[in-house]
Amino acid sequence: MANTKSSKSMEVPEAKAAMDRFKTEVASELGVNLKEGYNGDSKEAGSIGGEMVRRMVKNYEESQLR
């Protein structure tokens, strides 16, 4: 049976709000101004996702050392 759920949907509703806050925080630190809606039309906006992943991986790796 095919999975009909969108790959962009979140299993935990609170996770979307947390990820949006995280994205806004990273964008602010990188000096990228986000607009309402779609932001994937610039290299600067694309850098936000990459930085988010780097931070999540770093956090995971650090948690494994504890």
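Is glutamate 51 buried or exposed? And what do its side chain and its neighbours do?

Reply: Happy to, with the reminder that this is a predicted model. Glutamate 51 counts as buried, because its relative accessibility is 18% and the cut-off for buried is under 20%.

Its side chain meets that of arginine 55 in a salt bridge, with N and O 2.9 Å apart. Both residues sit in helix α2, and since they are four residues apart, about one helical turn separates them. Arginine 55 itself is partly exposed, at 24% relative accessibility.

Arginine 55 also forms a salt bridge with glutamate 29, where the closest N and O atoms are 2.6 Å apart. Glutamate 29 is partly exposed, its relative accessible area being 49%. Taken together, Glu29, Glu51, Arg54 and Arg55 are linked in a network of salt bridges.

Helix α2, which covers residues 43-65, also holds valine 53.

For context, the structure holds four salt bridges. One of them pairs lysine 16 with aspartate 20, at 3.4 Å from N to O. Those two lie four residues apart in helix α1, so about one helical turn separates them. Lysine 16 is partly exposed at 48%, and aspartate 20 is partly exposed at 31%.

Note on methods: Residues are numbered from 1 along each chain as its sequence is written. This is a predicted model: local features need pLDDT of at least 70, side-chain atom pairs count only at pLDDT 80 or more; totals for chains, interfaces and linings use all residues. Side-chain values use heavy atoms; hydrogens and water are left out. Buried means under 20% relative accessible area, exposed over 50%, partly exposed in between (1.4 Å probe, protein chains only).
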